[in-house]
Amino acid sequence: MNHKGLQSRLRAVFLGDYVSTKVVVDGAFEPYLLEMLERQVFPLVPREALCLDIGANIGNHACFFAEHFQRVVCFEPNPLTYRLLDVNAFGLPIDTVPMGLSDAPGKLWFRQNTRNRGASMIVEEPGEGDFRVEVTTLDQFARESGLSGIGFVKMDVEEHELQVLKGARETLHAQLPVLAMEGFFGDNPIFGGQIEDELRALGYTAFYRAAPRSGLARWLKDRGHVLNRGLLAVVLPERIKRDVELESVAQIRDENHELFIAMAEPREIPPI
């Protein structure tokens, strides 16, 4: 994959922002995960399928997805971040929606992280500097816009996943697209259990994790360590942290996942 080609797609980034800095330095944010999706997941989804990017940030993933799907629909509730997303999506088969998704339409409090806007989140209790953003449900949006043929969904909504899934029950149960999500459930296994139970109730039966191919990295990950955080992010070589492949797992509820995949039924995953 040509990371520099992806970088050229992003016309606008934030100065001093974590994700934006990674885009400038590496050509893309999390390119190793994008490569894994390209090689092991996208071959399982028809190219003419619709892709949803829920929590799209500035469009790093969406611009990549646009090369693999007929159309991408992005949801981003942060007004400032949405402006950059809209600029980056210009001229590509990407529709941008200036709203977030939740379990009911309305307005929710939003907390912006100016050092890492990808870590900004919806919060229950407002603090200083928090502001309201508009949200809807995927089910309502799908009914109003006629969304059909959804084949792949990436979701990154910073611990608001359960609400998004509850507001998407009708759509996901009917179409069962491949889901790609993060979830640090080793830190919160109760929340992980709620997410897994919700997915199973919707009809998802097969789960996969992004697993390191290195024996050392796999040993550390299996013991709950997050390879891209803290001391391990400094001492582990990049080639070890970034060499990953999909691995089938029985459950997702009690492990930290930089990325996990949920499918309606087990599939034969193409090799790296």
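**Exercise 1. Helix α5**

Task: In this predicted model, which residues of helix α5 are buried, and why do they line one face of the helix?

Solution: 
- Locate α5 at residues 79-89.
- Pick out the buried positions: T81, Y82, L84, L85, N88 and A89.
- Look down the axis of α5: these buried residues fall within an arc of 165 degrees, so they line one face of the helix.
- Recall the general rule: an α-helix has 3.6 residues a turn, so residues three or four places apart point the same way.
- Step past the helix: G91 follows α5 and has a positive phi, near 85 degrees.

**Exercise 2. A nonpolar patch**

Solution: 
- Name the members: V13, V24 and V25 make the patch.
- Check the exposure of V13: its relative accessible area is 33%. Patch residues need over 30%. V13 therefore counts as partly exposed, at 33%.

**Exercise 3. The sheet**

Task: In what order do the four strands of the open sheet lie, and which are the edge strands?

Solution: 
- Write the order: β4-β7-β5-β6, with mixed pairing.
- Find the edges: β4 (100-101) and β6 (121-123) each pair on one side only.
- Take the pair β5 (residues 106-111) and β7 (residues 131-136): they run antiparallel and are joined by five bridges.

Methods:
Residues are numbered from 1 along each chain as its sequence is written. This is a predicted model: local features need pLDDT of at least 70, side-chain atom pairs count only at pLDDT 80 or more; totals for chains, interfaces and linings use all residues. Side-chain values use heavy atoms; hydrogens and water are left out. Buried means under 20% relative accessible area, exposed over 50%, partly exposed in between (1.4 Å probe, protein chains only). Helices (H or I, at least four residues) and strands (E, at least two) are DSSP runs, numbered from the N terminus. The arc is that of the directions from the helix axis to the C-beta atoms. Patches are made of residues with over 30% relative accessible area and no salt bridge: like charges are joined within 9 Å, nonpolar side chains (Val, Leu, Ile, Met, Phe, Trp, Tyr) within 5 Å. Accessible areas come from the Shrake-Rupley method with a 1.4 Å probe; for residues, only the protein chains shown count as cover. A salt bridge is a side-chain nitrogen of Lys or Arg within 4 Å of a carboxyl oxygen of Asp or Glu. Two strands pair if DSSP finds at least two bridges between them.
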